[in-house]
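Thanks for coming. I will go through one structure today, starting with how its chains meet and ending with what lies inside.

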Amino acid sequence: MKPVTRTLLYCYLAVGLFVTLFLVHCGLTALTVTVPEQAMVNERVTFVMHSGAEPRIEEPGTYTTQLLAGIMVPKSWNARENAVLTFTSPKGNGTMRMIPNSEIEPVSGVNWHQAAKNMFGIGPNLVDDFEWIVYRSPQSYTFRNNEDISFDVNVECNVGAENMLARLGFYVGSSIENLRPEDTDYKKVAFSQVFEVTGGEGDLIDFVNPQLAAIQPVRSLDNDIITLTFDAGVTHTALDNQEDIYLTIKCFDEAGALIAEVNEQTDKTRLTDIGGKRFLLDFWPRGYFNLEKDQRIARLEYYCTDATGTQRVGYGNTEEPFTYTFRCQ
Amino acid sequence: MMKINVILPAVLLAFGLTALSSCEDGISNVSTAEAAKDITGSWKVVQLTRNGEDLSQRLDLTDFRIDFNPDGTYTLAEQLPFIANAPGTYSLSDPQYPFALILKPEGVQEDVVARFQFPVVEGERQLSLSFSLGCESNVYQFNFERENQDL
């Protein structure tokens, strides 16, 4: 190896060692969140993220970055339009700006919101109708060694018009670090305890608790293809140990009048066993109920049954049917 | 010697021009125009995704086909989850570089539009259409392959 090349290699290794020794110890403290237990529909609620920075930098080096903060909330809240994030810290206060959709997160190659969704998912929630939205402070802030600070990010957001149980997601990070999968120092994530929205009309949307039966997508119309799942592992029911689970289902119009009913134990109504005591059935409601062109389904009522149709399970393992309302909002 | 000095370049020039002109002919014979996209034929669904989730193995897609006829009309198999529920006419947003398939179903005033792609997958031309059926938040992608006309 030529002396010049060797020198360059040593320099490179030295810089790498310096970065490893000193900058890796820099980072953010654990994220905690203050989230109320419940709110009324359409109420404007404040959530607070608490975190801090612990810069450990070799003097006279500095570390300059912008603050990132993200929230994961139900899509129906329309948080992109109405959420406002502000931060308070010894280094300054300000209002954060949503990162534009057009800006690509460099590590993942997709936009920041999608990158956060890919990285953090939906946490402890079981049903996905959430979006991650990532914001950035307009200014950069420069840290010196041991300049430890605490900061808060306040999130003000309307909670939407639907009754729901959800666990919300929060993230803080450092803009120059991006969303590197291996990084644990500069990205901190937390999910709230169960947050309840009450006082609205319509079914409770429960993102948190395992459901005996559920239909996805959460939002759909009768011309969508929907997936009905039955999870026999949630609790003991009359259908314990049944190998075959069938569906019996009614559809109603906007006025509440019965349009059609499918009550048979055939291949059409048999759910597919997908393992783990879970069963599912995909269908297109308009075709399933053989609707006329001008007919519209507003609501479904259904039970899961055994092969004879005599043993059946409804909502909360009662005689009440499971229900599903078709809507987009 | 003088004669050779004059004749040799002249001959070389003549050869060169001939060669050049033949090159031009060769180049001009290669069509650089993008072919118009021909989607006529009978197409069957080979893959169906909803919001990126593959439903192909979970749904019976055997009867799911659409016919695009040379006269600009299309027909559907009965009762399908599709953006149009009636036969009608079709067109592409651009004959050479289409990004959308535009359907005019009979009895419907407004056009219905699907995002159009025309990739070659494992040697087979596919017709890939993306659209929403119910809520806009639910996006479906239907990938079709041409059916063997001899069957």
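**The interface**

Between chain A and chain B, the rule finds 12 residue pairs in polar contact, both residues at pLDDT 80 or more; a polar contact is a pair of N or O atoms within 3.5 Å, where within protein one must be able to donate a hydrogen and the other to accept it, and residues adjacent in sequence count only if both atoms are side-chain atoms. This is a predicted model, where local features need pLDDT of at least 70, side-chain atom pairs count only at pLDDT 80 or more, and totals for chains, interfaces and linings use all residues. Residues are numbered from 1 along each chain as written, chains are lettered from A and ligands numbered from 1 in the order written, and side-chain values use heavy atoms, without hydrogens and water.

The count of salt bridges between the two chains is 1, a salt bridge being a side-chain nitrogen of Lys or Arg within 4 Å of a carboxyl oxygen of Asp or Glu. Arg58(B) pairs there with Asp282(A), and the closest N and O atoms are 2.7 Å apart.

What does the contact take from each chain? Chain A gives 20 residues and chain B 18 residues, with contact meaning heavy atoms within 4.5 Å.

**The inside**

The largest nonpolar core has 56 residues, and Phe47(A) and Trp77(A) are among those with the most contacts inside it. Such a core is a set of buried (under 20% relative accessible area, 1.4 Å probe, protein chains only) Ala, Val, Leu, Ile, Met, Phe, Trp, Tyr and Cys residues joined through side-chain atoms within 4.5 Å. Another core, of 33 residues, lies apart from it and includes Phe82(B) and Leu92(B).

Methods. Buried < 20%, exposed > 50% of the residue type's maximum accessible area, 1.4 Å probe, protein only.
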